[in-house]
Amino acid sequence: MKLSIITINKNNAVGLEKTIQSVICQTYTDFEYIIIDGNSGDESVETIKKYTDRIGYWISEPDNGTYNAMNKGIRKAKGEYCLFLNSGDWLISADTMDKVFKEVGENTADIYYSNRIRPDNSIARFPKNLNNYLLRGKINHQNSLIKRSLFFEHGFYNEKLRICSDWEFFLNELYIHKSCFYHIETNISIYDIHGISSKKPELHEAENLIVYKNVFNELGKTIMEYSNFRNSIYYDFFANYSDSKILIFFLRVYRKIFKKSKIKDDTL
């Protein structure tokens, strides 16, 4: 089996039905569908039961959060790749997965990722080379096909985190395990902007620092400071004066940091 589509849900029956309908209408057939429900108190279970003939596996029981539920799905999956489509997210069209695997062809990447499409149809475009981008930016699990074996070889999602564990996983795969990421042009899904990760900027900041430390150890705080600098107005200022002595000094420090951590930055 090529693909396992995994949906986690808790008390979002309306969003869940939208997600299910976008999955079961796919013209692509070499996939299984798994739903992990967190003991919802609304009509979610009734919604799942309406489509049981199209769902390979489902369960409704208490869990310990988003990533605990996603890890449950991984352990039940049989596909070569996993796509995590949370309740409220939806595949763009009925032929989305057909288009994805036609584009993938014979390529054997560890992780395929597409651009991010928002509900207003605006697009967040991701670079083909993530080496520098992923230190300060994030790709979405809703738009990524992840080789299932990576979880068993390198570790599952960190259940101590609430919203940044998928980013931590991607950082580990790119910088620590040197996994192959491949950008595809076929857009996969539209994600629900009302999820917890869109509502908690202060939680993002706190977990970002934890992730940097978990992945890069003692260099974590320095890398976060650099990331914040790249996102600040000061970076734009220095970028406009690329021949200035102060920028050259900063870039030398930056090179030294990345050389010490054995991280490659193709932009330098």
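Helices (H or I, at least four residues) and strands (E, at least two) are DSSP runs, numbered from the N terminus. The model is predicted: local features need pLDDT of at least 70, side-chain atom pairs count only at pLDDT 80 or more, and totals for chains, interfaces and linings use all residues. Residues are numbered from 1 along each chain as its sequence is written, and side-chain values use heavy atoms, without hydrogens and water.

**Sheet**

I took two strands as paired if DSSP finds at least two bridges between them. E4 and strand E9 (residues 144-147) run antiparallel and are joined by two bridges. On E1 (residues 3-9), I found four bridges to E4 in the parallel sense; Leu-3 has Tyr-81 as its bridge partner in E4. E9 also pairs with strand E6 (residues 111-113), antiparallel, over three bridges, and there Ile-111 stands opposite Ile-146.

I then wrote down the strand order of the open seven-stranded sheet, E3-E2-E1-E4-E9-E6-E10, where the pairing is mixed. Its edge strands, E3 (57-60) and E10 (181-183), each pair on one side only.

I checked both faces of E4 (residues 81-84) for burial, where buried means under 20% relative accessible area, exposed over 50% and partly exposed in between (1.4 Å probe, protein chains only). Tyr-81 and Leu-83 on one side are buried, as are Cys-82 and Phe-84 on the other.

**Rings**

Rings of Phe, Tyr and Trp (its six-membered ring) pair if their centres lie within 6.5 Å; planes under 30 degrees apart count as stacked, over 60 as edge-to-face and the rest as tilted. I get 17 aromatic pairs by this rule. One of them is Phe-151 with Phe-156, tilted, at 6.1 Å centre to centre and 40° between the planes. Phe-151 counts as buried because its relative accessibility is 1%, while Phe-156, at 24%, counts as partly exposed.

Phe-151 also pairs with Phe-169, stacked, at 4.5 Å and 15°. Phe-151 is in helix H5 (residues 149-154) and Phe-169 in helix H6 (residues 165-176), so this pair ties together parts 18 residues apart in sequence. Phe-169 is buried, like Phe-151. I noted one aromatic cluster whose members include Phe-84, Phe-151, Phe-156 and Phe-169.

**Charges over rings**

The criterion is NZ of Lys or CZ of Arg within 6 Å of the ring centre and within 35 degrees of the ring normal. I found Lys-18 over the face of Trp-90, 3.6 Å from the ring centre. Lys-138 has its charged end over the ring of Trp-167, 4.6 Å from the centre.
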